[in-house]
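Colleague: Could you take a close look at one part of this model for me? I would like to hear about the salt bridges and what surrounds them.

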Amino acid sequence: MPAAPKRLELCNAADVAPGTALKVETADLTLAVFNVGGAFHVTDDHCTHGPGSLSEGYIEDDVVECNFHNGQFNIRTGEVVAPPCMVPIKTYPATVVDGKVTIKV
Ligand code: FES
């Protein structure tokens, strides 16, 4: 039987203001925690196209633009919105528990 997923605490929800992102490194993962209008979304931080860091990207609504070559991803789904990115970014369903943003891994 596969091991039950573990809940990982990433940060305080209050630390990520709406329209911003925070980079969190934990358990061998480098993640970007986004606050899109009060809803939290978590993706891999490393752009699938190169060395860009999505937590340092430009955020407009639910789209993040990579700070490196300006490729864009949908923060909710991970889908590519604009090239040169081709590969979707990995997303992790996020839940706020006791004021902390958490994911299951
Ligand atoms: S590294 Fe992100 S668009 Fe190229």
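Modeller: Happy to! Let me begin with a definition: a residue is called buried when its relative accessible area is under 20%, exposed when it is over 50%, and partly exposed in between. Please keep in mind that this is a predicted model.

Searching the whole structure turns up two salt bridges. One of them joins K23 and D45, with 4.0 Å between the closest N and O atoms. This pair ties together distant parts of the chain, 22 residues apart: K23 sits in strand β2 (residues 21-26), while D45 lies in the loop between β4 (39-44) and β5. How accessible are the two partners? D45 has 0% relative accessibility, so it counts as buried, because the cut-off for that class is under 20%. K23 has 39% relative accessibility and therefore counts as partly exposed.

The other bridge is formed by the side chains of D62 and R76, at 2.9 Å from N to O. Here too distant parts of the chain are linked: D62 belongs to the loop between β5 and β6, and R76 to the loop between β7 (72-74) and β8, 14 residues away. R76 has a relative accessible area of 45%, so it is partly exposed.

Between β5 and strand β6 (residues 63-65), the antiparallel pairing runs over three bridges. Within that pairing, Y58 has E65 of β6 as its bridge partner.

Both members of the D62 and R76 pair also touch V36, a residue that contacts H41, D61 and I75 as well, leaving aside residues up to four places away in sequence. V36 is part of strand β3 (residues 29-36). With 11% relative accessibility, V36 falls under the 20% cut-off and so counts as buried.

The structure holds zero disulfides. C11 is buried, with a relative accessible area of 10%, and C47 is also buried, at 7%.

Terms used: Residues are numbered from 1 along each chain as its sequence is written. This is a predicted model: local features need pLDDT of at least 70, side-chain atom pairs count only at pLDDT 80 or more; totals for chains, interfaces and linings use all residues. Side-chain values use heavy atoms; hydrogens and water are left out. Helices (H or I, at least four residues) and strands (E, at least two) are DSSP runs, numbered from the N terminus. Buried means under 20% relative accessible area, exposed over 50%, partly exposed in between (1.4 Å probe, protein chains only). Contact means heavy atoms within 4.5 Å. Two strands pair if DSSP finds at least two bridges between them. A disulfide is a pair of cysteine sulfur atoms within 2.5 Å.
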